[in-house]
Amino acid sequence: MKIIAATFRKADGDGKARRTMLGVLIRRLNPNRILDLNPLARAAVPIRRVRIGLRHHRTLALLAAAAMALLLWSGCAVEVKDTSRTFTAVVIDAGHGGRDSGATSRYAGLEKDAALDVAMRLRPRLEAAGFRTVLTRSDDTFIPLDERARISNREKNVIFVSIHFNYSRRADIRGTEVYYHSRCSAEIARNIISQVCAIPGTSSRGIHSANFRVLKKNQYPAVLVECGYLTNPYEGRRCRSGAFRDQVAEAIARGIVIQRYGGGKMVAAE
Ligand SMILES: [Zn+2]
């Protein structure tokens with residue numbers, strides 16, 4: 001077993017590549033198996049590594065204690081009320097805003113604008129389907145991640161849907177991803193991604209569990225939709241168009257309606 005201390009930069013999601021943190025990984029003898037003890041490190045890329053020899057027992061003990069503390073801390077998760085089949089309202093969270101522009105690329109505008117636009121197109125569709133809606137932001141305002149979760153936690157019988165667009169250093173990467181944290185959110189993630197990926201020309205990169213703050217701090221089922229890669233030439237240009245954002249909003253609304261009522265009730269707003 002080797003212990004590796006690493007400084008991490010968060011790769012993407014609800015904070016983009018801005019935050020750094022110390023993560024601790026315990027690598028077992030099998031190099032393919034890495035025990036990730038830092039919940040925030042799961043979506044992170046190591047940028048600097050320091051190898052520590054086994055003879056440095058004191059350092060080893062300290063790191064092991066830190067790892068255990070992180071493990072315990074990550075276990076103190078918010079208790080989630082499973083409203084995934086009963087919800088009457090949807091908290092729509094347009095990612096980023098204000099001084100936090102999110103991702104951008106030469107093909108697309110700013111992520112914060114695209115996310116808000118999809119959120120505003122999603123809202124009337126959900127209301128037409130009978131849901132009450134709550135927006136974490138309805139203009140270009142910076143809202144801290146914890147506040148977004150607090151807005152959701154103040155509500156009753158809701159689910160939380162966060163809208164984002166993605167970024168990669170590799171221009172060839174494209175596709176839709178949906179993230180969730182609590183187990184009862186996975187079905188919502190599946191329903192949304194299957195509807196979004198039914199849009200012609202859209203590909204799926206699957207659903208994934210993640211420790212994004214807005215998901216982890218949420219007391220309700222919560223998903224984060226990465227509607228496409230702004231950094232992919234095809235998808236970036238598409239994400240810029242109102243017509244595509246309209247299709248995405250409708251697909252997300254359909255996924256939510258199917259989650260709540262099954263496939264029989266379609267979204268009325270066009
Ligand atoms: Zn984002």
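The buried residues of helix α6 pack against α2 (111-128), β7, β10 and α7; here helices (H or I, at least four residues) and strands (E, at least two) are DSSP runs, numbered from the N terminus. This is a predicted model, in which local features need pLDDT of at least 70, side-chain atom pairs count only at pLDDT 80 or more, and totals for chains, interfaces and linings use all residues. Residues are numbered from 1 along each chain as its sequence is written.

**Chain and confidence**

- The chain has 7 helices and 10 strands.
- Of its 270 residues, 43% count as buried; a residue is buried if 20 or more other C-beta atoms lie within 10 Å of its own, exposed if 12 or fewer, and partly exposed in between, with C-beta atoms placed from the backbone.
- The average pLDDT of the chain is 81, and 69% of the residues score at least 70; pLDDT is the predictor's confidence in each residue, from 0 to 100.
- Over residues 1-50 the pLDDT is below 50, although this stretch has 100 contacts in the model beyond near neighbours in sequence. Two residues are in contact if their C-beta atoms, placed from the backbone, lie within 7 Å.
- Where pLDDT is low, the predicted coordinates should not be read in detail.
- Among contacts between residues at least 6 apart in sequence, 75% join residues at least 24 apart.

**The sheet**

- Six strands form an open sheet in the order β6-β5-β7-β10-β8-β9, with mixed pairing; two strands pair if DSSP finds at least two bridges between them.
- β6 and β9 (204-209) stand at the edges with a single partner strand each, so one side of each is left without a neighbour in the sheet.
- From one strand to the next, the twist averages 20°.
- β5 and β7 run parallel and are joined by 6 bridges. Asp93 stands opposite Ser162 in β7.

**Helices against the sheet**

- Helix α3 lies across β5, β6, β7 and β10, running at about 170° to β5; axes are lines fitted to C-alpha atoms, for helices over the stretch in contact, and angles run from 0 to 180 degrees between N-to-C directions.
- In α3 (residues 145-153), the buried residues are Leu145, Arg148, Ala149, Ile151 and Ser152. They lie on the same side of α3 because they cover an arc of only 155° around the axis, the arc being that of the directions from the helix axis to the C-beta atoms.
- The cover over the buried residues of α3 includes β5 (89-94), β6 (132-135), β7 (158-166), α5 (213-216) and β10 (222-229).
- Helix α6 (residues 233-240) lies across β7 and β10, at about 110° to β10.
- Glu235, Gly236, Arg238 and Cys239 are buried in α6. Their arc of only 165° around the axis puts them on the same side of α6.

**The nonpolar core**

- The largest nonpolar core has 56 residues, of which Val90, Val161, Val223 and Ile252 touch the most other members; such a core is a set of buried Ala, Val, Leu, Ile, Met, Phe, Trp, Tyr and Cys residues joined through C-beta atoms within 7 Å.
- Helix α7 (residues 242-261) gives the most to this core, with 9 residues.
- Ile252 has its place in helix α7 and counts as buried because it has 30 C-beta neighbours inside 10 Å.
- Leaving aside residues up to four places away in sequence, Ile252 touches Leu122, Val161, Ile192, Gln195, Val196 and Val225.
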